[in-house]
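Thanks for coming, everyone. Please put the model up on the screen, and I'll walk you through some of its features.

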Amino acid sequence: MYNRAVTQEEALAILDSGASVLLTGAAGTGKTYTLNQFIKRARKKGKNIAVTATTGLAATHLGGNTIHAWSGIGVHDELPRKFGEKMSKSRRELINGADVLIIDEISMLHDYRLDMVDEALQLARGSDKPFGGLQVILCGDFFQLPPVNRRDSKQGSFITSSNAWQNGAFDVCYLQQQYRQTDDQAYTDILNGIRAGVLMRSQLELLNSRAQAVDDPFTVRTRLLTTNADVDSINLKHLDKLEGETYEYYTETTGGKQYIETLKRSCLAPETLQLKRGAMVMCIKNSPDKRYANGSLGEVIDFTDDDDHYPVVQLHNGLKVTIKPDTWELRDGHKKRASLSQLPLRLAWAITVHKSQGMTLDAARIDLSNAFVEGMGYVALSRVRGLRHLILDGFNNMALRTSPLARQIDLTLREASDRTRQSHRRTIANYND
């Protein structure tokens with residue numbers, strides 16, 4: 001039986017020690033925050049950190065690239081013949097120049113693809129050590145969106161079925177302290193119940209009570225839906241209803257055409273952003289001055305009277321902020337392949353569940369009646385801080401399901417996390433001194 005989970009500080013000590021680690025835990029336990037703290041500290045020490053994720057969207061949140069592109073494995077189901085011999089000099093230099101490889105949103109990576117990355121790195125670095133001797137940090141939660149198995153490609157499972165995992169390449173740091181739902185224990189218990197696959201009748205009744213809840217007309221809620229078509233339709237409909245002048249903002253890009261297209265697909269920023277006074281918007285990046293975060297909601301109340309006409313947004317946290325363009329980059333190690341500049345805003349009457357992953361929403365209206373994959377309901381519901389921030393428009397049989405395999409894996413990860421704490425206790429003690 002495990003004693004307790006790893007704290008963020010303990011996780012940082014273990015990451016700093018050079019160990020290869022899976023950083024995991026429930027939604028809202030600060031995985032991305034801990035990861036960003038580690039990246040900042042490691043770069044200060046002069047380390048070259050390769051930041052990647054399983055999807056382009058997750059990669060842009062961290063300012064990195066997809067693991068498929070960075071490692072050179074692409075969309076193949078196995079490494080092509082003579083992969084090592086045919087690897088470009090620049091790719092080999094990139095991989096050899098890295099000190100640490102980070103892969104975020106690990107729940108969506110197939111087991112066989114992690115083995116492909118392992119093999120690719122061994123070939124590039126000329127070493128038969130796991131991942132060619134590179135420190136690798138995986139980050140994610142197996143209760144969230146799983147790997148997608150398409151009919152026309154190789155079938156796979158979570159990365160815990162990979163040879164790299166089975167061979168003991170990773171320590172486990174399981175974060176448990178809740179930072180998102182801190183003020184609502186009943187809601188935390190519901191989310192933990194969904195993870196465990198056991199919801200009590202009283203908890204289901206509490207969730208159902210949010211289906212009948214009367215929506216406060218003064219609370220602006222983002223609608224979370226399962227398809228892009230529904231989201232786009234709702235946002236445009238609401239914008240059209242607003243009176244007044246429409247202001248348009250266009251993306252500016254640099255880099256090769258192929259890289260620009262990849263960055264556009266990966267980025268939440270719309271190619272053309274249309275705004276009016278009264279538009280409900282969502283910030284889609286953390287601001288450098290910490291005045292808003294990825295997921296902060298607000299309303300456009302004015303525009304600056306200069307030539308730029310930047311929107312002035314009244315955020316729900318009470319701050320009034322003039323939003324200016326920000327930049328997203330597609331990086332390949334130290335190389336900048338493409339950049340995109342746009343206001344870090346999008347219309348926020350509605351957003352897809354998939355695109356909400358990693359966000360904290362101030363208030364949400366969630367429709368899970370068309371949920372089509374395990375973990376989708378958990379991702380959506382765990383975006384808000386508590387029951388009172390939620391209106392539930394409905395859910396189907398799939399909405400509250402999580403993977404039975406994820407539940408089984410979770411028990412082994414908690415036990416492994418306690419073993420990690422014990423084996424690194426000296427490192428942790430020295431780190432805190």
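Start at M398. M398 sits in the loop between strand 20 (390–395) and helix 15. Helices here are DSSP runs of H or I with at least four residues, strands are runs of E with at least two, and both are numbered from the N terminus. M398 touches A371, F372, V373 and E374, leaving out residues up to four places away in sequence. Contact means heavy atoms within 4.5 Å. G375 is 23 residues from M398 along the chain, and their C-alpha atoms are 8.6 Å apart.

A word on the source. This is a predicted model, where local features need pLDDT of at least 70, side-chain atom pairs count only at pLDDT 80 or more, and totals for chains, interfaces and linings use all residues. Residues are numbered from 1 along each chain as its sequence is written, and side-chain values use heavy atoms, with hydrogens and water left out.

Next, helix 15, residues 404–423, which holds T420. Is T420 buried or exposed? T420 has 3% relative accessibility and counts as buried. The scale: buried is under 20% relative accessible area, exposed is over 50%, and partly exposed is in between, with a 1.4 Å probe and protein chains only. Leaving out residues up to four places away in sequence, T420 touches I14, D171, V172 and C173. From T420 to S403, 17 residues apart along the chain, the C-alpha separation is 25 Å.

L204 is in helix 10, residues 201–209. L204 is partly exposed, at 32% relative accessible area. Beyond its neighbours within four places in sequence, L204 is in contact with L199 and L400. L204 and I190 are 14 residues apart along the chain, with C-alpha atoms separated by 8.2 Å.

Now a strand residue. V281 lies in strand 11, residues 280–283. Its relative accessibility is 1%, which counts as buried. Which residues does V281 touch, not counting those up to four places away in sequence? They are L275, S296, L297, G298, V300, V313, L345, R346 and A348. Between V281 and Q357, 76 residues apart along the chain, the C-alpha atoms are separated by 17 Å.

On to the cores. A nonpolar core is a set of buried Ala, Val, Leu, Ile, Met, Phe, Trp, Tyr and Cys residues joined through side-chain atoms within 4.5 Å. The largest one has 108 residues, and W70, L101, L275 and L381 touch the most other members. Helix 7, residues 111–125, gives the most to this core: seven residues. There is a second, separate core of 22 residues, with V6, A11, I39 and C139 among them. In soluble globular proteins, nonpolar side chains tend to be buried together.

Helix 11 comes next. The buried residues of helix 11 are V231, I234, N235 and L239. Seen down the axis of helix 11, its buried residues fall within an arc of 130°, so they line one face. The arc is taken over directions from the helix axis to the C-beta atoms. The buried residues of helix 11 pack against strand 7 (222–225), strand 10 (272–275), strand 17 (345–347) and strand 18 (350–352). On the other side of helix 11, A229, K237, D240 and K241 are exposed.

Last, two backbone points. Most residues other than glycine have a negative phi. Which way does phi go at F131, which is not a glycine? F131 has a positive phi, about 55°. F131 is in the loop between helix 7 and strand 5 (135–139), and is buried at 1% relative accessible area. H309 is not a glycine, and has a positive phi of about 50°. H309 lies in the loop between strand 12 (297–303) and strand 13 (311–315). At 30% relative accessibility, H309 counts as partly exposed.

That's the tour. Over to you.
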